[in-house]
Structures are given as structure tokens and as C-alpha cells.
Amino acid sequence: MVPLIHGLGRAPHFVLNRLMEISTILDLLANALVAGVMLGGFYAAVSVGISISFGMLDIANISHPAMIMLGSFMAYLINSHWGLDPLLIMLLIAPLFGLLGMGIYRVYFQLFESREKDPRRGLAFFFGLLFVTDVLLILFFGADLRGVETSYVDTVLNFGVVGIPLRLLIPFFIGVLVVLCMHLFLTRTFFGLAVAAVSQEPLGLRLMGVDPVRVKQIAFGLSVATAALGGAALIIIQPVEPALGREYIGRVFAVCVLGGMGSMSGTLFAAILLGVAESLTSTFVGPSWSPAVAFGILLFTLAWRPSGLMGRT
Amino acid sequence: MTSASHPSRRQVMLALPAATAMVYSGSGFGQTGPIKFGGTLPLTGGNASIGKVAQATMQLWLDDVNKRGGLLGRKVELMIYDDQTNPTLTPGLFTKLLDIDKVDMLVGTGTNLIAPAMPLVIERKKLMMGNLALGLNDQFKYDKYFQMMAYGPNGKDELARGFFEVAAKLTPRPQTVALVGADSEFANNALEGARNHAKRLGFRVVYDKSYPPNQVDFSSVVRAIAAVKPDLIFAGSYVADSSGLIRAAAEIKLKATMFGGAMVGLQVAALKQQLSGVINGLVNYELYLPEPSMQFPGIKEMIARYRAATAGQGLDALGFYVPPTTYAQMQVLEQAITATKTLKDDVLAEYIHKTTFKTVAGDVKFEAGGEWAEPRILMTQFQKVNGKELGQFDQPGTQVILYPEKFKSGNIITPYPIGG
């Protein structure tokens with residue numbers, strides 16, 4: 001667009017300057033929109049687990065960001081020792097995280113749900129898990145930043161004036177694929193429907209011969225498994241250190257609530273909406289306003305539609 | 001005639017030498033226990049990378065001083081509590097250190113995290129030897145506070161001074177500057193100094209914005225900066241942000257006469273290795289570099305021992321950023337206690353104020369506010385970084401010192417990036 005304007009050599013200077021300004025603004029707008037969508041895909045990758053555990057199972061798993069950091073550090077460990085790509089690593093470790101999640105849920109169930117204790121006590125359990133994971137990561141990996149070596153992390157795809165770094169594009173695709181797979185699983189399989197039913201009518205589920213505790217255990221395991229995928233996506237975008245997970249607590253719950261509790265498509269839509277809002281605000285207003293705009297959208301949406309964008313009314 | 005409750009004259013005479021030895025064996029009557037140095041460090045949380053390195057360095061000093069017989073004939077102990085990079089925890093931790101642990105000396109290396117504990121320290125009239133804290137004593141004006149990072153009396157201005165002084169000497173002279181930083185105390189202080197220097201030297205500010213500490217993607221920020229085409233770009237950022245800004249700058253092929261400033265993280269091995277050649281051309285602050293102009297007595301040996309002691313612990317593998325000033329802060333206390341033969345805070349503070357200390361970080365003299373009398377924030381440029389081998393950073397010329405003149409070891413190469 002800029003070279004075209006330079007070609008208009010005979011136009012008066014002020015017209016040229018004005019066209020240059022408009023051209024710059026349009027370039028910035030295009031890049032901000034694309035970056036925002038990419039960022040949103042990543043937010044979906046790290047939030048889908050919360051959409052399952054909090055949105056569908058009513059378990060406020062505050063430690064989910066710590067599980068994401070654990071996934072990032074596992075990706076770093078395997079990448080630095082054996083040179084495997086983070087995309088392959090996340091597929092290898094996801095089942096292990098699933099088993100970990102199932103184990104965590106079993107402990108949570110024994111301590112809280114089986115005793116019908118106040119769910120807020122469970123919050124303290126997950127806070128504790130968050131801090132313990134944080135400290136264990138520091139003990140094992142140290143407090144320094146850790147990154148991965150890949151052939152594509154510095155590559156940028158250019159489409160005209162829009163540049164898309166692969167380190168954002170790949171996490172975007174991870175996010176979209178994870179959400180799509182979860183959506184299909186939860187809506188097209190018997191077990192997925194059982195997960196949706198377990199928080200609404202556990203007794204009805206029992207009458208159908210399905211153990212709701214087992215369903216919740218496996219579903220929780222799935223949510224933690226997605227943390228492995230989110231962690232791999234995160235370490236592709238930026239180097240990580242153990243305390244970084246705490247920065248994501250507010251964000252992942254905001255995406256879950258904004259999208260509508262338990263709605264996978266809502267999670268993706270909300271994540272992209274927040275990503276675009278942050279990116280546009282960063283570019284045209286100032287980055288310090290991004291959280292205010294993002295959470296302003298959340299508050300406005302909840303005021304207008306308390307169940308979230310795609311939650312059931 | 002004697003009994004258990006009435007010792008004989010002979011028994012008293014026999015006990016007298018032992019009692020005398022007890023009185024004169026320490027710094028005071030009955031003071032034969034260890035000397036306790038206590039403080040807080042961020043061992044977890046966002047500043048853990050600084051805190052754990054500082055702890056390892058303090059341990060190094062502790063081993064050294066105890067091998068030499070301790071201080072005042074007494075063994076030295078170190079009691080460090082984790083403030084979790086949470087300043088609200090420091091008052092409680094310092095209360096414990098003073099009231100329960102009854103430490104003799106207070107130390108801290110954790111940026112401005114110890115600020116909330118300062119009223120307690122002042123109330124108890126304790127000497128406080130801090131490190132990496134910017135402008136902490138500006139409001140308190142406490143005469144027993146000392147700070148080891150070489151900010152000098154005007155800390156907020158000093159972090160940015162070198163960047164703008166170097167820029168002002170370029171030909172052609174840059175005209176515009178973009179300022180960007182994290183929305184946090186350190187970065188805000190750095191940007192405040194940058195604004196002062198920009199105004200003083202006549203640079204026009206064309207972009208001046210902050211980003212939230214949890215910013216993930218910096219491409220929008222960097223594109224917005226690129227759109228205003230600044231000659232200079234000054235950034236005040238923390239470790240993860242520095243990585244994000246530099247990567248985004250490389251991706252959009254950002255060009256400027258100078259880029260850098262107060263980007264934390266570029267001083268340690270992890271980020272230097274990860275970013276590698278991408279950082280060539282960046283002009284950024286440092287506290288120490290192994291350039292010929294900075295070969296202080298004992299520094300090479302101390303860094304070598306630090307590296308050996310921390311190998312495999314996931315800490316900064318180079319040891320140029322935190323270890324020199326941390327070791328030096330302990331040396332200052334050691335030398336002051338040895339010279340004055342006391343642990344009294346008043347006497348030590350008075351001695352520290354009037355003395356020039358020989359440390360691994362060079363000669364150190366403090367001014368009335370407890371800061372270095374002569375600031376020494378280096379402004380450096382990465383010029384020959386190639387690959388991920390850490391040994392290159394031990395070689396002179398990989399990263400040269402541009403400012404201050406006293407330590408200058410090379411000339412700036414413009415524009416940024418080098419060869420771009």
C-alpha cells in the first residue's frame with residue numbers, strides 16, 4: 001500500500017502525507033487484527049481445561065495455570081535433552097497429564113466432594129497445589145527463563161503488509177484443534193454427553209448405570225491433559241519461568257466465564273474476542289489499557305447476558 | 001568452711017580467670033555465639049532468578065568468611081527468608097528476624113521489595129545493607145541505609161543516563177525517542193529518568209506508553225512504535241518482556257539508531273543464550289562485564305567459584321549481574337565490622353559513610369543517602385554475539401562498554417540491528 005502511494009508523485013504533499021497516515025493505520029489495523037486472532041487461539045488453548053473443570057464440573061481448579069507451566073517445563077526438558085519438537089512432546093505427555101489429573105481429582109473427591117464439604121475449601125486445595133507446583137518447578141529447574149529450540153520459532157510468514165510469526169500461528173492452530181476436538185468429543189460421544197450431564201443431574205446419570213464420580217474423574221483428567229497442550233503452546237510463544245503461571249489465572253477464568261460455562265465454541269469465541277480487543281487496544285490506545293478493555297468486555301457481556309456469550313440461558 | 005551456696009575464697013580465685021576469659025572472648029559480655037546476618041530474598045515468585053543467585057553468592061561469602069575464622073572471633077550465620085517477590089510479606093519477616101531470631105546485621109537483595117519493612121528497620125535503628133533497590137531511600141532519608149547497586153545519588157536518572165549520553169554524541173544527532181516499559185515500579189522509575197534525559201538533551205518523545213506486566217504478545221506494541229519511526233527506542237522491561245520485545249522487534253525487522261536501555265534479563269546467561277545473535281546492536285545497561293577496564297581484584301576468582309558452586313542448579317550461569325554486588329555488599333559489612341570491632345549499628349553506619357571499601361566490585365564509597373557516591377551503571381552494546389556458546393561472553397569485545405568514559409572499552413555501532 002505504501003509503494004502505491006509513493007507512485008502518486010504528482011499529488012500535493014499534504015495529500016500524500018494524509019494517504020501515508022491512512023496507509024499506516026490500515027497496516028497497523030490489519031496486523032493488530034491478525035495478531036489478536038492468533039493470540040486468541042492461544043488463549044483458547046490455555047483456557048479449554050478450565051472450561052471443562054470449572055465450566056462443566058463446577059471445580060474451580062486454580063492450579064490449572066501451574067499445570068500449564070508444568071507442561072511447558074516438560075516440553076523444555078524433553079526438547080533440551082532429546083531434541084524432540086514441542087508439538088510432538090505435547091502429544092506424548094498429554095496422556096500422562098491426564099493420569100495426573102485423574103489422580104488429583106481422586107484426592108479432591110476424597111477430601112471434599114465425598115464429604116459434601118463447602119466447595120470453597122476445595123479452592124484452598126487448588127491454591128495449595130498451585131504453590132507447591134510453583135516451588136517444585138523452581139527446585140527442579142531453577143528460577144531462570146527456559147525456552148525451546150525449534151526450526152520455526154523465528155520464522156515469519158508475510159502476506160502483503162501482514163506478518164504472522166510462526167510462534168503465534170502454531171499455538172493458534174493448537175488452540176483451535178483442541179477446542180474442536182473437545183467440542184466433538186463432548187457433543188458426539190456418549191461419554192461426552194455424560195460429562196455434560198454430570199453437573200446437571202448426577203442422580204439421573206446413576207440411574208442410567210453411569211458412575212458420575214468416574215465420569216468427573218476422567219473429565220478432570222482431560223482438562224489437565226489440555227494443560228500439557230497449552231504449556232507446549234506457551235513455550236513456543238515465549239520462554240517461561242515457574243511463576244509465569246500466576247499471570248494467567250485471571251485470564252483463563254475470564255475466557256471461560258465470558259464464553260459461557262461449559263461451552264467449547266464459546267471458549268474459542270471469547271478467547272479470540274479478548275485477544276483481538278487486547279491487540280487493538282495495545283496498538284491504537286496503549287498496552288496499559290488492554291486489561292481494562294478486556295475485562296470491561298467481560299463485565300458488559302455478563303451484565304447483558306449473565307450466562308456468557310454462548311452459555312445456556 | 002565451704003558449702004554449695006557459699007564458695008570458698010580458693011574457689012572464687014580459681015574461677016576468676018575463666019570468668020575474665022568469658023568477658024573478653026567476644027564483642028561484649030557473654031557474646032560468644034555466632035554473628036547472625038539476616039534478611040529476605042525473593043526465592044520464589046517473579047524475582048526468584050535474582051533472589052536465588054543472591055542467596056548462592058551470600059553463601060559463598062559466608063563460607064569464605066568462616067574459613068578465615070569468622071568475624072570478631074565468632075562464627076557467622078546467615079538467616080534468609082523467602083519474601084516470594086511479595087513486598088507485603090517483608091514487614092512480618094523482618095519482625096521475625098529482629099524479634100525472634102535476633103539477628104545482628106540486616107541484608108537484602110530484592111529490588112524495592114524491602115520498602116514496606118523500612119519503617120520497622122528505622123524504628124529499631126538498625127543498619128540495612130540492600131542491593132538492586134532503586135530510589136528506596138529517597139523518601140525515608142535514613143542514615144543507616146546503604147544500597148549496593150551503583151545507581152548513585154540520583155538513581156532514577158542514572159539508569160537511563162548512559163543511553164542518552166551515548167545517543168547525544170552520535171552524528172547525525174538523533175531527534176526522536178520512543179519510550180516503552182512495563183507498568184511496574186522499576187520500569188516506571190527508569191522511564192521517568194528517560195523522560196528527564198530526553199528533555200534535558202532535546203530529544204522529542206514520539207511514543208510514551210506502558211504495558212501490563214502480563215502482556216503476552218509484543219508485536220502490536222512494537223508495530224505501534226515502528227509506525228512513529230523513532231530514532232531511539234528506550235525500553236524498561238522485565239525478563240520475559242525483554243525477550244518478547246526483542247523477538248517482536250526482530251520479527252517485524254524494526255530499525256532504529258539505538259534500541260535498548262533498561263531491559264532486565266539481558267544481563268544473565270539464559271536470555272543471552274536464547275536470543276543469541278538477535279541481540280547484536282542492542283544498547284543496554286549492565287553492572288559488570290569482563291572487559292579489560294573492569295578487572296577488579298578478586299572478581300574473576302569470585303565469579304569462577306560462583307559458577308562452580310551453582311553449576312546444574314538452573315541459576316544464571318555467567319554470574320555477571322547479581323553476584324559481584326552481592327558479594328561486595330557482604331564484604332563492606334565484613335570490613336566495617338572488622339575495622340570497628342563492633343556490631344553496633346551507629347558505629348558501623350558512621351564508618352561505612354566515611355570509608356572507601358575495596359571489594360570485588362571495585363572501590364566503593366557511599367554518599368549521605370547510602371547510595372554510591374559515584375554512579376557506575378554501564379551502558380553497553382552487544383556486538384559479536386554468535387551462536388549459543390556461553391564462553392563467548394567471557395571474551396572482551398563480545399559486549400563492549402560505551403559509558404561511562406572511565407570504563408569505556410569500545411565504540412557504538414549504529415543503526416540497530418547490526419548488519420540489519
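Biologist: Which domains does the domain assignment of chain B give?

Modeller: In this predicted model, the assignment gives domain 1 (35-154 + 297-365) and domain 2 (155-291 + 378-407) for chain B. The centres of domain 1 and domain 2 of chain B, taken over C-alpha atoms, are separated by 28 Å.

Biologist: What makes residues of domain 1 of chain B count as in contact with domain 2 of chain B, and how many residues are involved?

Modeller: Two residues are in contact if their C-beta atoms lie within 7 Å. By that cut-off, 18 residues of domain 1 of chain B are in contact with 16 residues of domain 2 of chain B. On the side of domain 1 that touches domain 2, ten residues are nonpolar, seven polar and one charged.

Biologist: Why is A:V276 called buried?

Modeller: The term requires 20 or more other C-beta atoms within 10 Å. A:V276 has 20 C-beta neighbours inside 10 Å, and therefore counts as buried. This residue lies in helix α11 (residues 264-284) of chain A. Apart from its neighbours within four places in sequence, A:V276 is in contact with A:L33, A:G36, A:V37 and A:G40. In sequence, A:V276 and A:G41 are 235 residues apart, while their C-alpha atoms are 10 Å apart in space.

Biologist: How do you know that the radius of gyration of chain B agrees with that of a compact globule?

Modeller: A compact globule with 420 residues would have a radius of gyration near 22 Å; chain B has 24 Å, so the two agree. The C-alpha trace of chain B spans about 100 × 40 × 35 Å along its principal axes. Of the 420 residues in chain B, 55% are buried.

Biologist: What makes β9(B) and β10(B) a pair of strands, and in which sense do they run, parallel or antiparallel?

Modeller: Strands pair if there are at least two bridges between them. Strand β9 (residues 258-263) and strand β10 (residues 283-286) of chain B have two bridges, in the parallel sense, so they meet the criterion. B:G260 has B:V283 in β10(B) as its bridge partner. Together, β9(B), α10(B) and β10(B) make a right-handed β-α-β unit.

Biologist: Which residue of β13(B) does B:V283 stand opposite?

Modeller: B:V283 stands opposite B:Q381 in β13(B). Strand β13 (residues 378-382) pairs with β10(B) in the antiparallel sense over four bridges.

Biologist: How many residues of chain B are in contact with chain A, and which element gives the most?

Modeller: In chain B, 35 residues are in contact with 34 residues of chain A. The elements that give two or more residues to this side of chain B are α2 (48-67), β7 (204-211), α8 (219-227), α9 (239-251) and α10 (269-275). Of these, α8(B) gives the most, with six residues. The residues on the side of chain B that touches chain A divide into 14 nonpolar, 14 polar and seven charged.

Methods:
Residues are numbered from 1 along each chain as its sequence is written. Chains are lettered from A and ligands numbered from 1 in the order in which they are written. This is a predicted model: local features need pLDDT of at least 70, side-chain atom pairs count only at pLDDT 80 or more; totals for chains, interfaces and linings use all residues. Ala, Val, Leu, Ile, Met, Phe, Trp, Tyr, Cys and Pro count as nonpolar, Asp, Glu, Lys and Arg as charged, and the others, Gly among them, as polar. A residue is buried if 20 or more other C-beta atoms lie within 10 Å of its own, exposed if 12 or fewer, and partly exposed in between; C-beta atoms are placed from the backbone. Domain bounds come from an automatic or database domain assignment. A crossover is right-handed if, with the strands pointing away from the viewer, the path from the first strand over the helix to the second runs clockwise. The radius of gyration is taken over C-alpha atoms; the globule rule is 2.2 Å times the number of residues to the power 0.38.
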